[in-house]
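Here is a short report on one protein model. Keep the sequence and the structure in view while reading.

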Amino acid sequence: MLGNMTLMEYLGGSREAVAHRPWPRYMLDERGWRDMIHQLAVSDWTLLGLWSDGTEVYVALRDDVGPTTATAVASLFCPDRRFPSLSAVRPSAIRLERALRDLYGLIPVGLTDERPWLDHGRWGMTAPLAMGRGPAPDAPYDYPVLPVEGENLHQIPVGPVHAGIIEPGHFRFTCAGETVVRLEERLGYTHKGIEGLIAGKTIAEAARLAGRISGDSTVAYALAFARAVEAATQAEAPPRAHWLRALMAELERVANHLGDIGGICNDAAFAYMLAQCGTLREQILRASDVCFGHRLMMDRVVPGGVTVDLTREGASTLRSLIADVTKRFKKLANLYDDLPSLQDRTTGTGVVQTALAHRFGVGGVVGRASSRAGDARKVPGYAPYEDLEFDIPVHAEGDVNARVWVRIEEVRASLGLIGQILEQMPGGPLHKPIPTRGGEGMALIEGFRGEILLWVRLSEVGRVVRCHARDPSWFQWPLLEACIEGNIVADFPLCNKSFNCSYSGTDL
């Protein structure tokens with residue numbers, strides 16, 4: 001049975017769950033789950049996500065080998081609250097499994113890191129999403145950092161409160177002089193119980209929560225939730241709604257990339273780039289407010305379509321804006337390229353090895369700067385991107401400089417996409433009602449950080465039973481720990497900003 005099989009060759013013989021769309025879900029027994037783990041050890045399947053509904057564990061996998069790409073979900077019923085861990089063969093599962101144990105009380109047998117993740121010992125209960133919640137802990141948990149052996153080592157604790165208006169996270173540096181020997185992160189400080197909050201809500205109520213999982217990606221998360229609900233109910237948004245969604249998503253991508261490019265340069269002591277990119281970003285946000293009534297376009301994408309149209313005046317505003325931003329951004333990109341002192345700080349700094357990027361299945365800017373060419377807009381793809389032309393920038397160096405250039409090229413591509421959308425957008429209605437129907441749906445959406453996975457289960461009366469969102473940062477945070485090793489402490493802000501991982505998106 002084992003060997004280098006395709007994903008569908010392996011799962012195709014298992015029992016398929018009904019009403020899971022657009023990709024199938026196969027229900028495995030424990031032996032089948034263990035066989036799947038053995039198959040993962042010899043295959044190149046990418047782990048897309050790992051979650052639970054309280055009684056079953058789900059894993060989403062993608063097979064990128066061959067002429068076609070296959071995606072599927074496997075699930076395991078856990079009557080004894082235990083399941084075999086995937087962490088030994090897919091290290092990207094480690095933190096996801098730790099979170100499952102904290103939230104649902106499910107025990108990953110063989111988990112390679114058994115420390116808690118989201119639960120800091122400060123909740124009023126343990127396993128809050130389990131059928132039977134546990135008692136509150138007696139005191140906050142002691143969190144042992146991983147040991148490091150060597151002579152003349154010292155530690156630098158940073159955070160969780162930082163010297164800036166950013167989300168909280170703790171970073172423990174172990175150093176030999178100025179050289180970082182190990183970095184370890186502890187997150188969970190922005191845990192907000194999102195899965196528990198969404199459960200039982202109406203689709204409209206849940207959509208508002210989904211759009212607030214990580215506020216800088218509100219369009220991407222709202223789109224992921226909308227497409228998952230539409231898949232579960234076999235609904236389809238009107239054509240014009242798809243194009244408006246893409247327009248908002250590309251505006252969001254440009255605004256965030258501009259902020260990141262400026263921030264990276266600022267951490268290399270080139271504040272001029274921060275000021276100029278900040279000005280362009282502010283123009284994008286103001287235009288978004290003019291066209292869609294909100295700077296971040298929050299609550300504009302909903303299941304069934306969108307809530308606001310783009311007027312002729314708005315389209316004209318965006319055309320003028322894109323022409324201006326394109327011209328000014330070209331000068332800034334040339335300026336970045338022409339500054340040896342800036343290149344000296346970013347080139348060769350914070351390298352993510354290609355093999356490690358593939359092992360973690362990392363996407364977005366981090367993945368594309370280390371030779372992983374995935375982009376959910378193309379594979380698996382979704383409307384209207386099949387009707388648009390754009391390139392996916394890929395670099396092999398894996399350093400801060402490569403991540404800057406991926407962003408620069410993505411800004412250029414997104415500006416081009418916005419122009420295409422404005423020229424080709426069809427007319428018609430903005431929204432279609434979502435039918436009251438039960439089912440399970442999943443969506444893969446390309447946010448500015450990378451691929452967002454969102455899974456939802458709906459009841460027959462149209463309420464959300466369970467919902468899980470997997471931010472791209474789940475797979476990127478561990479690589480930040482890896483890329484800083486061997487660099488000096490002063491280069492951590494550069495590395496950190498070049499990743500710009502979401503705290504809120506991973507703290508659920």
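This is a predicted model: local features need pLDDT of at least 70, side-chain atom pairs count only at pLDDT 80 or more; totals for chains, interfaces and linings use all residues.

Residues are numbered from 1 along each chain as its sequence is written, and side-chain values use heavy atoms, with hydrogens and water left out.

## The open sheet

Helices (H or I, at least four residues) and strands (E, at least two) are DSSP runs, numbered from the N terminus. Two strands count as paired if DSSP finds at least two bridges between them. Strands of a sheet pair through backbone hydrogen bonds, either parallel or antiparallel.

Five strands make up an open sheet with mixed pairing, in the order 1-3-6-5-4. Strand 1 (15-16) and strand 4 (46-52) are at the edges; each has a single partner strand, so one side of each lacks a neighbour in the sheet.

Strand 1 runs antiparallel to strand 3 (residues 25-28), and two bridges join them. Here Glu16 has Tyr26 of strand 3 as its bridge partner. Strand 3 in turn runs parallel to strand 6, with four bridges between them. Tyr26 stands opposite Ala74 in strand 6. Strand 6 (residues 70-77) also pairs with strand 5 (residues 56-63), in the antiparallel sense, over eight bridges. In that pairing, Ala74 is the bridge partner of Val59.

## Two helices

The expected span of a helix is 1.5 Å times one less than its number of residues. Helix 2 (residues 30-42) has 13 residues and reaches 19 Å from its first C-alpha to its last, close to the 18 Å expected.

Which residues of helix 2 are buried? Buried means under 20% relative accessible area, exposed means over 50%, and partly exposed lies in between (1.4 Å probe, protein chains only). The buried residues are Gly32, Trp33, Asp35, Met36, Ile37, Gln39 and Leu40. Their cover includes helix 1 (7-11), strand 3, strand 5, strand 6 and strand 7.

Helix 6 (residues 218-233) has 16 residues, which should span 22 Å; its end C-alpha atoms are 22 Å apart, which agrees. Of those 16 residues, 15 are buried, so helix 6 is largely enclosed by the rest of the structure. Gln234 follows helix 6 and has a positive phi, near 55 degrees.

## Arg470

Arg470 sits in strand 16 (residues 464-470). Is Arg470 buried or exposed? Arg470 is buried, at a relative accessible area of 2%. Its side chain reaches the backbone oxygen of Leu48 at 2.7 Å. A polar contact is a pair of N or O atoms within 3.5 Å; within protein, one must be able to donate a hydrogen and the other to accept it, and residues adjacent in sequence count only if both atoms are side-chain atoms.

Contact means heavy atoms within 4.5 Å. Neighbours within four places in sequence aside, Arg470 is in contact with Leu48, Leu96, Tyr221, Glu451, Ile452, Leu453 and Phe475.

## The largest pocket

A pocket is an open set of points on a 1 Å grid over the protein atoms alone, where a 1.4 Å probe fits and protein lies on both sides within 12 Å along at least five of seven lines; lining residues have an atom within 4 Å of a point. The largest pocket has a volume of about 700 Å³. Its lining has 26 residues, and Ile165, Ile166, Asp260, Lys497 and Asn500 lie nearest its centre. Helix 7 (239-267), helix 8 (271-292), helix 16 (492-499) and helix 17 (503-507) each give two or more residues to the lining. Helix 7 provides the largest share, six residues.

Most residues other than glycine have a negative phi, and most peptide bonds are trans.

| Cis peptide bond | Omega |
|---|---|
| Gly159 to Pro160 | about 20 degrees |
| Ala383 to Pro384 | near 0 degrees |

Pro160 lies in the loop between strand 9 (154-158) and strand 10 (170-176). Pro384 is in the loop between helix 13 (377-381) and helix 14 (400-424).

Arg81 is not a glycine, yet has a positive phi of about 65 degrees. Arg81 is in the loop between strand 6 and strand 7 (82-84) and is partly exposed, at 24% relative accessibility. Ser371 is not a glycine either, and its phi is positive, about 80 degrees. Ser371 lies in the loop between helix 12 (364-368) and helix 13. At 28% relative accessibility, Ser371 is partly exposed.

Terms used
Grid points are joined across faces, edges and corners, and a volume is the space filled by probe spheres set on the points.
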